[in-house]
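Please consult the sequence and the three-dimensional view while reading.

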Amino acid sequence: MATTQTETAKQLTYLAGSLKAPRILEAAGRLAEQARAAGWSFEDYLAAVLEREVSARNASGARLRIRAAGFPAVKTIEDFDWDQQSAVRQQVASLTSGAFLLEARNVVLLGPPGTGKTHLATALGVIAAHQGHRVLFATATEWVTRLSDAHRQGRLPQELARLRRYGLIIVDEVGYLPFEQDSANLFFQLVSSRYEHASLVLTSNLPFSGWGTVFGDQVVAAAMIDRIVHHAEVITLKGASYRLRGRGIDSLPSTRTDITNPAD
């Protein structure tokens, strides 16, 4: 009997190594006694062992995807302070299933600085990574720099095609800095390349009516917004910056909700 167990252990070690699944061997040993005591069927035991392996692989893959995403800091939905944003809590919760990613829908988070847009965008990205999607995070300015480099090297089409293989791209801080015409056109190409193919999450301190000023062209801005919001969940955050709470400062100049034309 001892010889049989030894041979079986060797065979399991070989099979687990061949499958590149060493955790199967650990789970098989750990669950064997439990399975015998509880009278599990062979099918139940096999399912339990494989479930442990799949869960471990998913967790390991999620860690790698989160690390590769380029988040400035890892944030979660559970960490978010809902005190000032309770009105959108249900709207955000509806996104955590990840269905919007499977439908190639976008999410746009609008609101003044310090209201949690980047936190929520990152949290949705972390959820996407746990659900098996590849994610990339960068500010709007960083995305334009990346696309400009690709364009200058004559590989913009290849770069856009490569980015389209990512299930989620997060564009943070749209509107914090204005774009040159060429930069606006490159950003438009990024949006267009993902339209109805893969999802975007964008954050902006400006309402859509102010994007024409950011991109320097009302026509380009309108075409871009049209593609972004056609299949999108738009979430508007309100209130003062959480960074200023308790400091006696109620608002910032950039928290205005419209853009006034100086000529008006």
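Is the crossing of α9 and α11 left-handed or right-handed? The model is a predicted one, and in it the crossing of α9 and α11 is left-handed.

**The helix pair α9 and α11**

Helix α9 covers residues 181-194 and helix α11 covers residues 218-230; their axes come within 10 Å and cross at roughly 20 degrees. Angles under 35 degrees count as roughly parallel, and α9 and α11 are therefore roughly parallel to each other. On the α9 side, the residues that meet α11 are Q181, A184, N185, F187, F188, V191 and S192. Their counterparts in α11 are V220, A223, M224, R227 and I228. Sorted by class, this contact of α9 with α11 comprises eight nonpolar, three polar and one charged residues.

**The helix pair α8 and α9**

Helix α9 also has its axis within 10 Å of that of helix α8 (residues 156-163), and the two cross at roughly 45 degrees. The pair α8 and α9 is therefore oblique, and its crossing is right-handed. From α8, the contact is made by L156, L160 and L163. From α9, it is made by L186, Q189, L190, S193 and R194. By class, the contact of α8 with α9 has five nonpolar, two polar and one charged residues.

| Helix pair | Axis crossing angle | Handedness |
|---|---|---|
| α9 and α11 | roughly 20 degrees | left-handed |
| α8 and α9 | roughly 45 degrees | right-handed |

**The sheet**

Five strands make up an open sheet with parallel pairing, in the order β2-β3-β4-β1-β5. From one strand to the next, the twist averages 10 degrees. Strands of a sheet pair through backbone hydrogen bonds, either parallel or antiparallel.

Which strand is joined to β5 by five bridges? That strand is β1 (residues 106-110), and β1 and β5 run parallel. Within β1 and β5, V107 stands opposite E233.

**Where the helices meet the sheet**

Helix α11, which contacts α9 through residues including M224 and I228, also lies across β1, β4 (199-204) and β5. Relative to β5, α11 runs at about 100 degrees.

Definitions and conventions
Residues numbered from 1 in each chain as written. Predicted model: local features only at pLDDT ≥ 70, side-chain atom pairs only at ≥ 80, totals over all residues. Heavy atoms only, no water. Axes fitted to C-alpha atoms, helices over the stretch in contact; angles between N-to-C directions. Helix = DSSP H or I, 4+ residues; strand = E, 2+ residues; numbered from the N terminus. Parallel < 35°, antiparallel > 145°, perpendicular 65-115°, else oblique. Left-handed = near helix turned anticlockwise from the far one by under 90°. Contact = heavy atoms within 4.5 Å. Nonpolar A, V, L, I, M, F, W, Y, C, P; charged D, E, K, R; others polar. Pairing = 2+ DSSP bridges.
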